[in-house]
Amino acid sequence: MESRESELKGLGADFVFGFVQSVDGERDPRNLLLAFQIARKIIHGGYDLGKFTEELFEVTSCYFPIDFSPPPNDPHGITQEELILALRAVLTGTPRFAEFLLPLIIEKLDSDVQSAKVDSLQTLTACASVYEHKELAEFLPGLWASLRREVFQTASERVESAGLAALGALTACISRSVLNSDSEDYLNVFLDLVLKDCQHHLCEPDLKLVWPSAKLLQATSTASYRASHRVAAAIMPSLIEQYNSRTQVSHTSQLGHSISVSVDASLPFLTVGNDLSQFRESDFSHCDSATPSQKHSQQAVRQRCLTALAAVSSQPSVVQESTPVLLQVLTTSHTGMCTGSFSLEEVISVCHNLQRIAEHAQDTEETGRIFHDIIIPRLLGLALQAAMRDHPSPLVEESVLSAMVPVISTTCARLQSQLAGQTASRAVSLFLDGDMSFLPENAFPSQIQILKQAGDSWRQSQMVCLLMGCVCSLPRSVEVPQMDRLLLELEELSCTCDHPFSYTSAAKCYAGLVNKRPAGECSSPVLDLSLVNCAWLSSLTDKLFSLLSDSELGSLAADGFSLLMSDSPDVLNRGCNADVRIMYRQRFFTENSAKLVQGFNSAAQEKKSGYLKALSHIVNYLPRQVQLTELPALLPLLLEALSCPDQAVQLSTLSCLQPVLMDPPSALITHAKTLIFTHEGRFVSLSSSSQKVRIASLRCIHALSRFPEHEVRLGPGLVLRALAVPLDDLKRMVRSEAVVARNEWFLLGSPGGR
């Protein structure tokens with residue numbers, strides 16, 4: 001067929017007839033695999049099937065579905081999966097097989113054999129990418145009945161997943177049909193079948209068919225734009241009506257989840273509609289009459305609904321409708337209008353959903369104005385109200401404020417220059433001068449100094465984290481007003497405040513502003529910054545080095561190196577428009593590694609742990625290629641770090657070594673003997689009280705089994721004895737890692753090993 005294709009095609013349908021005769025009755029899997037490949041070539045190569053289309057289908061489909069178990073030690077290596085895929089490529093190769101294949105699939109779906117069902121459903125999914133609606137139209141009722149049965153009645157997740165995938169593929173295929181004025185809309189016909197059998201189950205939460213129905217509707221909705229709108233328009237109004245009218249928490253829980261599933265299914269296509277305002281008006285009205293267990297269930301429902309609401313908020317018109325719902329939750333939790341209804345987790349979840357909207361909403365001026373004019377002022381106002389009130393409020397919790405920061409920073413990073421400049425000016429005026437004119441419900445004292453801590457004013461000073469979100473993520477082209485004065489205030493707060501969250505946020509904000517200053521421009525003098533400031537201002541690393549030998553601050557100073565080397569999630573990252581230079585980690589290592597080794601060698605024995613911890617942090621964050629180059633020279637120090645009693649040092653060092661040991665450089669292999677014979681002592685701490693350290697140790701031992709056999713030939717007996725202990729560990733994950741590692745070492749050098 002490769003060298004004489006034109007001659008074979010010249011035979012016309014006679015060649016196909018001859019092929020059918022030669023394949024008929026074949027049972028050898030080798031010949032069948034070749035026959036399927038030839039049949040596929042005939043179909044796709046433009047050969048004339050003539051009147052033998054059905055014969056070609058019959059001679060190949062008689063093997064469907066494939067039921068083949070290769071004999072043990074099969075020298076040919078032919079698998080069942082190979083035969084299945086080869087036959088599927090033939091059966092789904094041409095729409096001319098549709099009238100024969102689709103009835104066959106419907107028939108095979110009645111089988112009691114699970115593998116036959118899965119194969120049939122996967123073949124149907126493959127058909128949908130080749131066929132058009134006209135090939136499917138006649139068989140849609142039968143196909144839907146079979147798919148519905150498999151999802152409603154099956155106990156196999158594999159069959160259910162294959163059925164849902166097939167349903168989505170069918171819907172997508174029908175959606176591609178081009179409608180004429182006199183043609184029938186097969187998509188509507190098919191969706192009518194689906195809705196007729198599924199829609200009524202969603203409003204009967206006590207029945208077990210709720211979730212199968214929701215899954216079927218979800219699979220249908222995700223297939224196309226038209227299907228999404230058709231299904232959403234049919235089910236959303238009734239679901240929301242039921243949600244608002246039901247009083248039992250169990251019912252509203254089920255309905256809320258159904259709404260969430262339905263909305264999630266429509267995410268790629270959904271636009272704003274009247275149902276959004278209807279859902280907003282429900283206002284979570286069932287919260288007061290629920291028992292504690294019911295409240296927990298209801299909180300989960302509300303979180304799912306709010307998450308779904310945020311997920312569809314991509315267009316400005318939707319954002320304008322959905323964000324007031326989320327902000328209302330924050331307001332209600334603060335004012336206590338619905339006592340005990342909103343947990344701290346729900347408030348944090350609302351902030352995460354606002355962040356999701358800020359990340360995924362269309363980047364338009366209209367969206368920017370919604371955040372600039374409504375959301376940011378509302379968040380600042382609510383936080384300030386909570387800070388100035390005496391009674392407890394979730395909005396003064398560190399976790400809630402930390403969740404608000406990315407909402408503001410994500411928004412400010414995407415604002416147009418004019419709006420970004422206005423936001424910066426407002427935020428700076430609020431925190432420096434107490435200008436609250438832009439805040440909603442402005443009922444605050446005329447004189448307020450947020451950045452000044454006096455007595456128990458940590459509630460106000462910790463709001464500096466929100467200032468950080470406003471000014472540290474702005475585009476670099478936006479000038480922050482009163483920069484020098486702001487830096488002085490932040491410096492004072494970070495050095496004099498005794499509230500950890502406040503002075504840490506102030507230091508971060510200081511670092512973010514300094515990072516945005518043009519190169520060569522000096523900031524205000526800094527003489528006595530706290531340790532946190534030192535970690536954020538990399539120009540003062542000498543201070544960190546001098547503190548590594550301090551008995552009280554050595555460990556904290558070593559953690560500062562981790563801070564310098566790691567990615568900053570909230571300030572110093574490219575998402576916040578910070579100036580992050582390439583290869584800064586490598587440059588920092590090159591400039592400071594010798595100084596670190598020198599300090600370690602000169603320090604007293606009891607003060608070496610700080611240097612070891614710092615070295616471990618630095619090496620752990622280096623790119624892998626740099627680790628491979630530098631690790632052999634630093635290996636003695638890293639082994640010394642494993643003898644340090646600080647479990648954080650041990651874990652960091654083991655995490656650094658393990659990926660390198662998986663594919664070690666030649667220089668490291670020469671240290672294999674040293675690594676092996678320190679297992680029971682310093683190198684791998686199998687007796688550590690930390691589960692994470694024990695797991696990391698076992699992974700390193702496992703990695704060492706990959707070394708060349710002649711390099712570790714003296715070690716297996718010692719390692720196997722050491723690994724016998726963690727086999728009886730109280731933690732299952734430790735035992736599992738021990739089994740894997742011991743198996744590899746046991747097989748080392750044997751025919752079945754490496």
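The expected span of a helix is 1.5 Å times one less than its number of residues. The model shown in these views is predicted.

**View 1. Helix α3 spans residues 29-44.** The helix holds 16 residues. From first C-alpha to last, α3 reaches 22 Å, close to the 22 Å expected at 1.5 Å a residue.

**View 2. The two ends of α3 are marked by Asp-28 and Gly-46.** Asp-28 caps the N-terminal end. One of its side-chain oxygens lies 2.8 Å from the backbone nitrogen of Arg-30. Just after the helix comes Gly-46, with a positive phi of about 85 degrees.

View 3. An α-helix has 3.6 residues a turn, so residues three or four places apart point the same way.

**View 4. Arg-230 sits in helix α13, residues 225-245.** Its relative accessible area is 26%. Buried means under 20% and exposed over 50%, so Arg-230 counts as partly exposed.

**View 5. Arg-230 touches Asn-188, Leu-191, Asp-192 and Leu-195, leaving aside residues up to four places away in sequence.** Arg-230 and Asn-188 are 42 residues apart in sequence. In space their C-alpha atoms are 8.1 Å apart. The side chains of Arg-230 and Asp-192 are joined by a polar contact of 2.3 Å.

Key
Residues numbered from 1 in each chain as written. Predicted model: local features only at pLDDT ≥ 70, side-chain atom pairs only at ≥ 80, totals over all residues. Heavy atoms only, no water. Helix = DSSP H or I, 4+ residues; strand = E, 2+ residues; numbered from the N terminus. Polar contact = N/O pair within 3.5 Å; in protein donor to acceptor, adjacent residues only side chain to side chain. Buried < 20%, exposed > 50% of the residue type's maximum accessible area, 1.4 Å probe, protein only. Contact = heavy atoms within 4.5 Å.
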